[in-house]
Amino acid sequence: SSGINAEWPLRPGKHVFLIATCLLVTCLASPVKVNVGDAWSDAAGYEECQEFVEPGKPLPRAIDDICDVDLECAARVEMNNTDCGFGIRKVLAGKWVSTLVDDSNGVKKSESFMRLFKYISGANSDGAKIAMTAPVITKVYFDASYNETGSSMHFYIPSAFQANPPSPTNADVYIEDWDEAVVYYRAIGGKSMNIPEKVWVEEFTNLYSAVQTSGHSFYPYMSVVGGFSGPRSKDVRFEVMYVKN
């Protein structure tokens, strides 16, 4: 089966700097919903705001064409949302296998990914082969001044192993029980896994703006990226996310 590439080329401090600057100058305008066609809303999972519309912007692959088709996904419920510019999803409680990312350069992310991939490939107490799932989650953490303090990477444990996942054999890999959470997300599409840095900056900034001005409360000191696409995918889907307070 194809693996999930969780590489995130953006150094998170860059988008956080832009967002912090935006807040200081009170630049968060009220988004205006615009009908950009069923193709976009069906693919992304939400209606776009007028100021975020870009002609020719690549559609993300629809999540329903990935989850339970290509891969098992973390148990979720898509929630109704009357605001534009982002989707709302409830991620149900479940177990994830996790590891820390030493820093935010690509080499260290690759090492973290491979630690998790080796776990599902048999580096566990049962020697079990565990199916790949989606999304691959990368969390980046910040202090009150928006300085990056660390990051971590996570694979969802599939349903066949949820009740009693085997223990990792690598001390740097660990199992976590996550509580139910609500996330706000924007989807990113394209024909390649290599998403330009400016796209990450733009999408996180747009997400922050849209969620903030809609009146929803979220935790601003952790940014989340979800990778749903395998390295051979012709149409990719990434998501940028914030978690509801």
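Two strands count as paired here if DSSP finds at least two bridges between them. Helices (H or I, at least four residues) and strands (E, at least two) are DSSP runs, numbered from the N terminus. Before you click on anything: this is a predicted model, where local features need pLDDT of at least 70 and side-chain atom pairs count only at pLDDT 80 or more, while totals for chains, interfaces and linings use all residues. Residues are numbered from 1 along each chain as its sequence is written, and side-chain values use heavy atoms, with hydrogens and water left out.

**Stop 1: the sheet**

Switch to cartoon. Look for an open sheet of 9 strands, which run in the order S2-S3-S9-S11-S10-S6-S7-S4-S8 with antiparallel pairing. Which strands stand at the edges? They are S2 and S8 (173–178); each has a single partner strand, so one side of each is left without a neighbour in the sheet. On average, neighbouring strands of this sheet are turned by 30 degrees against each other, direction ignored. For such angles, axes are lines fitted to C-alpha atoms, for helices over the stretch in contact, and angles run from 0 to 180 degrees between N-to-C directions.

Now pick out S6 (136–142) and S10 (222–227), an antiparallel pair with 6 bridges.

**Stop 2**

Select 197–214. That's H5, with 18 residues; from its first C-alpha to its last it reaches 26 Å, close to the 26 Å expected at 1.5 Å a residue. (The expected span is 1.5 Å times one less than the number of residues.) H5 packs on the sheet, touching S9 (181–188), S10 and S11 (238–243), and its direction makes about 40 degrees with that of S11.

Color H5 by accessibility next. Buried means under 20% relative accessible area, exposed over 50%, and partly exposed in between (1.4 Å probe, protein chains only). Buried residues of H5 include Val199, Trp200, Phe204, Leu207 and Tyr208.

Zoom in on glutamate 203, also in H5. Is this residue buried or exposed? Glutamate 203 is buried, at a relative accessible area of 1%. Its side chain makes a polar contact with the side chain of arginine 186 at 2.6 Å. A polar contact is a pair of N or O atoms within 3.5 Å; within protein, one must be able to donate a hydrogen and the other to accept it, and residues adjacent in sequence count only if both atoms are side-chain atoms. Beyond neighbours within four places in sequence, glutamate 203 is in contact (heavy atoms within 4.5 Å) with Lys57, Arg186, Ile188 and Val240.

**Stop 3: a glutamine in H4**

Jump to glutamine 162, in helix H4 (159–162). Glutamine 162 counts as buried, at 15% relative accessibility. A polar atom of its side chain lies 2.9 Å from the backbone oxygen of lysine 95. Setting aside neighbours within four places in sequence, Gly94, Lys95, Tyr156 and Ile157 are in contact with glutamine 162.

**Stop 4: the disulfides**

Select the cysteines. How many disulfides does a search of the whole structure find? It finds 2, where a disulfide is a pair of cysteine sulfur atoms within 2.5 Å.

- Cysteine 49 to cysteine 84: S to S is 2.1 Å. The pair links distant parts of the chain, 35 residues apart: cysteine 49 sits in the loop between H2 (38–44) and S1 (72–73), cysteine 84 in the loop between S2 (76–79) and S3 (87–91). The link is right-handed, with 100 degrees about the S-S bond, and both cysteines are buried.
- Cysteine 67 to cysteine 73: the sulfur atoms are 2.0 Å apart. The S-S torsion is about -85 degrees, so this disulfide is left-handed. Cysteine 67 is buried at 5% relative accessible area, and cysteine 73 at 7%.

**Stop 5**

Go to aspartate 68, in the loop between H2 and S1. Its phi is near 65 degrees, a positive value in a residue other than glycine. Aspartate 68 is exposed, at 64% relative accessible area.

Tyrosine 146, in the loop between S6 and S7 (148–156), also has a positive phi near 65 degrees. Tyrosine 146 is buried, at 18%.

Finish at alanine 134 and proline 135, joined by a cis peptide bond with omega about -5 degrees. Proline 135 lies in the loop between S5 (133–134) and S6.
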